Amino acid sequence: MLNKEKYIETNNTKTYIGIILILFCLSNVFFNSFFNIEILKFFPTKVGFLFSFILGILGFYLIRSEQSKLRFINFINLNTNNNNFNGFLTLCILILILVTIPPVINWFILEANFSGDSREACTGEGACWTYIKVWLKRFVYGMYPNEEHWRINLSFFLVVGLGLIGIFVKGKLKKFITLYYVIIYPIIAFLVIYFLISGGSFNLLWVETGAWGGLSLTFIVSFFCLIFCFPIGMLLALGRRSSLPVIKYFSVTFIEFWRGVPLITVLFMSAVMFPLFLPEGMFVDKLVMVIIAISLFEAAYVAEVIRGGLQALPRGQYDAAKSLGMGYWKMYTFVILPQALKLVIPGIANTFLALVKDTPLIFVVGLLEIVGMLNMAKTNPKWLGFAMEGYVFAGIIFWIICYSMSKYSQKLEIKFKTDR
Amino acid sequence: MKKIIPQAITLLLIFLIFGFFTYNANVNMSNRGMEFGYSFLKRAASFDIQFSLIEYSRESSYARAYLVGLLNTLLVAFSGIIFATILGLIFGIARLSKNLLIKEFAAFYVEFFRNLPLLLQLFFWYYAALRILPLPHETEGFHNFYITIKSLYTPSLVWENLSIFLYLIVFSIILIFLLKNYLKKIQEKHGKQFPILIISIVILLLVPSSAFLFGGSSFEIEYPVYKELSATSGTFIGGLAIPPEFIALFLALSLYTGTFIAENVRAGIEGISKGQKEAAASTGLNQKQILNLVVLPQALRIIIPPTTNQYLNLTKNSSLAAAIAYPDVVLVFAGTALMQTGRAIEIVSITMATYLSISLAISAFMNYYNKKVAITEK
């Protein structure tokens, strides 16, 4: 009993020295990067840094012990400091954080400009958020006329609202949900977007698709491609597993072709080559062409994901369905697809994520969604030199969208996990 | 009958659609006085390309320009693949670390770069990050490396009789491969083990270096030298100049693809049950043997197929180069050459065929590999 107490006590002095050494090392780095003050002035810069680094490693070595009285020291030892190498890595990352975070916060908030509405307001060293404020309408709505923005907002709310109906439907109507989402909802959404955003009837001003742009265009393109690529992909996946050779090899060629080429060449093709294939005088809108091209492209990927799910189902499921006297379509709609789709939710979510991340590529055909608008605003002679702010702004928006999508898909995966 | 009708309808539809398109294309092209053919490839291209690995001038043919673009694509894809693999390995293993800080840092890297569009990252590096770099006359340099807004200047090697050296490298790789098979056979027969890794490193070092002694190969290091044009402008001469387009594309591609590879590596290592390691340990293998003979072969079986897919994605994504004017095959051929000749169908089809053949080759390799490593069940 006595021995043990003594052991802990000697350990404690060692621990305190270690903590002091680590704190000294970190504060040296911190003052150096934040205030440009050198604590170790008597050394040349490089040697000073190295010296404090070695002190830090020594500190991590000293605080390492089996058991300590201090709770947080135990936590540190267990999670970040269980051997010399891990202690070294921990110190490296702490220093990296201390060196990078202060300048980033400085740029983002402390020295940034938020006020004013012209270029002159931006005087500080930091970011110029005034630029984003002034251009925000363009980044969100593109070249769409200012007085008509309510139409985009309204249709956005309508489409989202109609999409949420499925959550509230209960009871008898529930079996029609799939039908609603696969057929009725896309048609309604298309009509809403066509009549509201395009205009031309009901006393609404006609706005050509060339004027659409910004974040709203990103949403429109990804929304339609999401809706279209899923059924096409499902048919292709079924086709690839079909026993009819013509359908099978057609699906295989189709899928492998689209998966083998980059999206940018597909868009090039739709812009420069496809018009040659249309009859004289026939004209397909750029936006429609882009949506078709991206949908076909992503459908090939969706098809491969669904095929994975179909292959993973045990043969017994097919046999059981057949022995009940079900035909091909009945078997697939009521037995096979519901199970297979459940298996491939993460894969499909990943494909959809890729689709959203691919939408900026439509700049190839001259449509400017948010990244395209940024590139245009960047070259405006009044607002030169704010590329960074623009990309950071778009990056934050895209990151929030994509991150929440991937988290949601993980949640779905857990929800639909049925034990076998 | 039930089987023939749907197939016949599909065939008919395909024929109708293709026929419709070809007919229209014929009519349109004859209306505009265009003719179909690939003879334009031999004509002089008469445009400049900023960055090229092989000799190229304005008098070179379109076919040559295509080759320049293709090599540039392969260059950025190859270097991107190597760096992305390194990043993926490091961060994939780091995500499984017992160190909480390291784990969170790796997770941050993966979640951050994976959820941003590649094009946005590319623009960020090219238009925002690399624009902060100094001008040539302001740069200080670091051991003969000069990083400027115009290019990254590094020392380069000027070779004499390079081919002999390269042949010897290929020769030594074949030698190692043969030797490895031979030693493995001996091991299977007599149970005797050889230090294969050390032998192959020695061969790889010794055989090519004999080119300097007997083959007459030699090289000199050429350093970039600053040349002042006026008081506030200058340039570097000599050495190797790596254009910022390449750097931006390389960084964006490898950082983006590295996240996916990291996830693959993590899934591969996590996919091996603890029982495997314990079983190996109980048969008396040591830590190194467990890793080499039990864990890695199984983990690689899970890791390699999706990772080859990522390599393929990286190669296809390198076509984004067109957005920042890095002269890859899309920009040079589907961009500039198409603008000049107006031969949309020919050029787009060649470009697509290029990517298709690359990806078919890679997926053929993948199928071969999958077959080779597949578990043969009894």
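Rings of Phe, Tyr and Trp are taken to pair if their centres lie within 6.5 Å, the six-membered ring being used for Trp. The exercises below apply this criterion to a predicted model.

**Exercise 1.** State which residues of chain B form one aromatic cluster.

*Solution.* The cluster consists of Phe91(B), Phe105(B), Phe108(B), Tyr109(B), Phe112(B) and Phe113(B).

**Exercise 2.** Determine how many aromatic pairs the whole structure holds, and classify the pair Phe223(A) and Phe224(A).

*Solution.* Step 2: the ring centres of Phe223(A) and Phe224(A) are 5.6 Å apart and the planes stand at 70°. Step 3: planes over 60 degrees apart count as edge-to-face, so Phe223(A) and Phe224(A) make an edge-to-face pair. Step 4: Phe224(A) has 5% relative accessibility and therefore counts as buried.

**Exercise 3.** Classify the pair Trp399(A) and Tyr403(A), and locate it in the secondary structure.

*Solution.* Step 1: the centres lie 4.5 Å apart with the planes at 10°. Step 2: an angle under 30 degrees counts as stacked, so the pair Trp399(A) and Tyr403(A) is stacked. Step 3: both residues belong to helix H16 (residues 387-415) of chain A, and because they are four residues apart, about one helical turn separates them. Step 4: Trp399(A), at 26% relative accessible area, is partly exposed; Tyr403(A), at 25%, is partly exposed.

**Exercise 4.** Decide whether chain A is a compact globule or more spread out.

*Solution.* Step 1: chain A contains 16 helices and zero strands. Step 2: for 420 residues the globule rule gives 22 Å, whereas the radius of gyration of chain A is 30 Å, well over that value, so chain A is more spread out than a compact globule.

Conventions: Residues are numbered from 1 along each chain as its sequence is written. Chains are lettered from A and ligands numbered from 1 in the order in which they are written. This is a predicted model: local features need pLDDT of at least 70, side-chain atom pairs count only at pLDDT 80 or more; totals for chains, interfaces and linings use all residues. Side-chain values use heavy atoms; hydrogens and water are left out. Buried means under 20% relative accessible area, exposed over 50%, partly exposed in between (1.4 Å probe, protein chains only). Helices (H or I, at least four residues) and strands (E, at least two) are DSSP runs, numbered from the N terminus. The radius of gyration is taken over C-alpha atoms; the globule rule is 2.2 Å times the number of residues to the power 0.38.
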